[in-house]
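Open the model in your viewer and keep the selection panel at hand.

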Amino acid sequence: MGVLPQLRGLATRNRSLTLLDPDGRRILRIPTTSDEAPAVEVTRADLSEVLHQSAQAEAEFLFDDTVTALDQDGGGVDVTFRRSAPRRFDLVVGADGMHSTVRRLVFGPERQFAGDLGLYGATVPLEPDAVEDPSEMTMLTVPNRMLVLHPSRTTPLAIFTFRAAPPAPHDRKNIALHKQTVADAYADVRWRAPELVAAFRDHPAPYFDPLTTIRVPTWSRGRVVLLGDAAAATALLGDGSSMAMAGAYALAEELAAHPGDHARAFAAYESRLRRETGPRQRRVGLLSRLMVPRTRPGLAVRNAVGRAVGRRNRSASREAVNR
């Protein structure tokens, strides 16, 4: 698409992950990028803006609207919008996230496809001076709770990942309940937890959602196909945008390779992407227990794995320099 130079220009400056013990003391530091496998990390807002700018000359955008009904036949799909006039399209791609409206309208209720990881995720943006080192992401973990301070690019982010006991009743619109749930979960966590919880409570609309997986048996039905988290979410890994980009690329290629035969294109696209999403979804349960251990022994194991990764990365960096 020719947007990689722009994305590189908007990349976050994060270069390392520092693990802290429950008192906020540094345990180890792990590089998150290397010359061997350079990565470009951008915020979702920056990615959305770049994609919009790139596509606006070729695509029509309707903002502040949503789909309320889909009625398809052999020749197309009649789409009803909440605000805009009804339209007819050849194909509909549901790329509307984990709580996809397109999936609900065509494939059925979300509860049929959602798998609970037993964790909650919450985030809140912070003031620019909330981080001292813009190249360092910091993670503190205690049993059942993880707290990450991400430098992002211009707006740092506090990320809360935790288990609640008992599990919190979930109402996506009850912001007061979300704030209280986070405050209760981190009430005895030290380091900068009180300050970051206060920022969460003071924000008018912080993010809060149970962490779930989405597994849909088939990603297409007639002329409607699902993409990204709407088809196969692994919330814990935080790679929904990356997988959506990979999926969009594969879907575009297959539609071009099978002109006039969307059924074959959809099937080929799904086959390609399931090779990526399948392994991620199979290991997400193990990763959830490793990233947010339930016990102190589990936390010790997680930290030992982190030390091993750090040693391996440092060794690989030295080898690259020697070559």
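**Stop 1: the cavity**

This predicted model holds one cavity of 30 Å³ or more. The volume of the largest cavity is about 50 Å³. Rolling a probe the size of a water molecule over the atoms shows where empty space is left.

Select W219, L227, G228, A231, A232, M243, G247, Y269, L273 and T277; these residues line the largest cavity. Now colour by element: α6 (229–232), α7 (240–257) and α8 (262–291) are the elements that each give two or more residues to the lining. Which of them gives the most? It is α8, with three residues.

Next, colour the lining by class. Seven of the lining residues are nonpolar and three are polar, while none is charged.

**Stop 2: the largest nonpolar core**

Select F107, V216, W219, V224, L226 and Y269. In the largest nonpolar core, which has 27 residues, these touch the most other members. At least two residues of this core come from each of β4 (76–81), α3 (101–106), β13 (224–226), α6, α7 and α8.

**Stop 3: Y269**

What does Y269 touch, leaving aside residues up to four places away in sequence? Its contacts are W219, V225, L226, L227, G247, A250, L251 and E254.

**Stop 4: another core**

Finally, select L20, A183, Y186 and F200. They are among the 25 residues of another core, which lies apart from the largest one.

Methods: Residues numbered from 1 in each chain as written. Predicted model: local features only at pLDDT ≥ 70, side-chain atom pairs only at ≥ 80, totals over all residues. Heavy atoms only, no water. 1 Å grid on protein atoms, 1.4 Å probe; cavity = no way out; pocket = protein on both sides within 12 Å on 5 of 7 lines; lining within 4 Å. Points joined across faces, edges and corners; volume = space filled by probe spheres on them. Helix = DSSP H or I, 4+ residues; strand = E, 2+ residues; numbered from the N terminus. Nonpolar A, V, L, I, M, F, W, Y, C, P; charged D, E, K, R; others polar. Core = buried A, V, L, I, M, F, W, Y, C linked by side-chain atoms within 4.5 Å. Buried < 20%, exposed > 50% of the residue type's maximum accessible area, 1.4 Å probe, protein only. Contact = heavy atoms within 4.5 Å.
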